[in-house]
Amino acid sequence: MIRDITIGQYYPTNSILHRLDPRVKLIGTFAFIISLFLFKSLYGYIAVTIFLFSIIKISKVPFRFIMKGLKAVIILLLFTVTFNLFLTPGKEIFRWEFIRITVEGIQTAAFYGIRLTYLIIGSSLMTFTTTPNHLTDGLEKLMWPLRRIRVPVHEIAMMMSIALRFIPILLEETDKIMKAQMARGADFESGGILKRAKSLIPLLVPLFVSAFRRANDLAMAMEARCYRGGEGRTKMKPLHYHGRDYITFLVLLFYLAAEIGIKIIEKHFL
Amino acid sequence: MSTVKLDTVRNKWVRILQIIFDKINYTYGGGTAFEQHAIKDISFTVKKGEFIGLIGHTGSGKSTLIQHMNGLLKATRGHIYFNGEDIYEKKYNLRTLRSRVGLVFQYPEHQLFETTVFKDVNFGPKNLGLDKIETDLRTYEALKMVGIEDDMLDASPFELSGGQKRRVAIAGVLAMRPEVLILDEPTAGLDPRGREEILDQIAKLHKESGITVILVTHSMEDVANYVSRLLVMNQGELVFDQPPKEVFSHFRELEKMNLAAPQVTYVMNALKDKGILVPTNATTITEAKEEIIKWLRK
């Protein structure tokens, strides 16, 4: 069941997108999300659609896989669409009893629906094509200037990498502990909220103890290998921009220019 | 109670046989990219009171197999009968099964969570819904069975030594008064004395209460010294189901499966190769010693 959650999962293939510097992808995703909210017109969204689907094609991630990631938010999606469809005031085109659908309703529902979907797909593409460690490397490099104002950038990035690294380990540990307690008659499934919360104690206490123990061991192992924090620390694989990254920046610039252009044209001619 | 659809002659056997595994199969992640056929067509029976060993290379499916015995995992194909009842029948209560078939996982001290040793061991019987007198009685009984002193009952389980923690964890399962006790590598990570203590205690328990014991281990010496029957797994299949001596006589085949015979068996074989004709089926040091002395006296 836990394996079904594809949001945030890395999909290993060999596409240009996979080989891009993570910083470009981070900035690109950020720019894409902003464009979703700034350029709200029909033509604006057509441009967004063309952009997004070309990126999907380039990424070589199967469409089915991307759609699976949407499953998690399908409820939110339906909620948004339904609310907007039935509760937006305006020119009515359909009526049955107390249910009214307006033109504006259809428009807003469609836009909000599409915007949410594109938001999810856009950010997912980021995580599908970038390994978690690459992501944290990219974030660390981007946030580096913040060190001037005393933000512990290196420590944050290190904590993120370690946390990501330990997610599967702790999940496995949870499974083991759950089974061991079930073998002693523990019941995690029945009962009301209070009872179920209490039944989590035999699961959470050993899990916390285990996590602290691992953290302790890891700290010692890191120190034994001369880890002293971020000061003067170098990387084995430092991030460098390549030609393809500069080209991608240009493409992004072009996309944003196109969007702004569309907005200007709409303002003056429509 | 469900009825087992067998004829009367087999019915008699079903009542003596405590556990029956009938063509059990288990597949992980069926239908995904991660699909793995962990257990293939395994069938065997266990009589009440037997002391059985289960060995196999890492990844052979031992841990998966034992989790079927108390219903933690459900076989993708095949039937399991406990005391004559099909455990996959709709009306069968798996929680009751878990109180009758006790399973002690590897590194069981990782499951300790309560504020005192007594309360932790109390967890099991409390889950059975028994009254306070009964649960306290069973708890105390179990702690005595594993050799935990009275002055440790109010201590925090996290203050104990590794070996003590492990014994408390085992007591936690024994307090449920199971008919079957399955131990997954109970000696892992202990020093030689700790290993001997735990195994001797288990052997004593087996002798005194007649509890059925299934011991999963990597140590051939442990197996040779304690069990009367040995199940050997290789890549998800059951390849041997015989008394230890017979299994170890196949030590060349065992080696191909990343296993071995007890050290002593190799010693005896080496002696035989050098012309010292001793029987090579000795699997414990005591036996080997006696055979060598016998030969020396000739």
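Colleague: Which residue stands opposite Phe94(A) in strand 2 of chain A?

Modeller: Ile101(A) does. This is a predicted model, in which local features need pLDDT of at least 70, side-chain atom pairs count only at pLDDT 80 or more, and totals for chains, interfaces and linings use all residues. Residues are numbered from 1 along each chain as its sequence is written, and chains are lettered from A and ligands numbered from 1 in the order in which they are written.

Colleague: How many bridges join strand 1 and strand 2 of chain A?

Modeller: Strands are DSSP runs of E, at least two residues, and helices runs of H or I, at least four, numbered from the N terminus; two strands pair if DSSP finds at least two bridges between them. Here strand 1 (residues 92–96) and strand 2 (residues 99–102) of chain A are antiparallel over 4 bridges. They form a hairpin with 2 residues between the strands, and Glu97(A) in the turn has a positive phi of about 55 degrees.

Colleague: What is the strand order of the open sheet in chain B?

Modeller: The 4 strands of chain B run 2-1-4-5, with antiparallel pairing. Strand 2 (36–47) and strand 5 (85–86) of chain B are at the edges, each with a single partner strand, so one side of each lacks a neighbour in the sheet. Strand 1 (residues 17–28) of chain B pairs with strand 2 of chain B over 8 bridges, and Ile24(B) stands opposite Ile42(B).

Colleague: At what angle do helix 2 and helix 6 of chain A cross?

Modeller: Two packed helices are described by the angle and the distance between their axes. The axes of helix 2 (residues 22–38) and helix 6 (residues 103–128) of chain A come within 10 Å and cross at roughly 175 degrees. That makes helix 2 of chain A roughly antiparallel (over 145 degrees) to helix 6 of chain A. In the contact (C-beta atoms, placed from the backbone, within 7 Å), Lys25(A), Thr29(A), Phe32(A), Ile33(A) and Leu36(A) of helix 2 meet residues of helix 6 including Arg115(A), Tyr118(A) and Met126(A).

Colleague: Which residues of helix 2 of chain B are buried?

Modeller: A residue is buried if 20 or more other C-beta atoms lie within 10 Å of its own. In helix 2 (residues 62–69) of chain B these are Lys62(B), Thr64(B), Leu65(B), Ile66(B) and Met69(B). Just after this helix, Gly71(B) takes a positive phi of about 75 degrees.

Colleague: How many residues of chain B are in contact with chain A?

Modeller: 19 residues of chain B are in contact with 15 residues of chain A. On the chain B side, helix 3 (94–100), helix 4 (117–127) and helix 6 (162–174) of chain B each give two or more residues.

How values were computed. Contact = placed C-beta atoms within 7 Å. Buried ≥ 20, exposed ≤ 12 C-beta atoms within 10 Å, placed from the backbone. Axes fitted to C-alpha atoms, helices over the stretch in contact; angles between N-to-C directions. Parallel < 35°, antiparallel > 145°, perpendicular 65-115°, else oblique.
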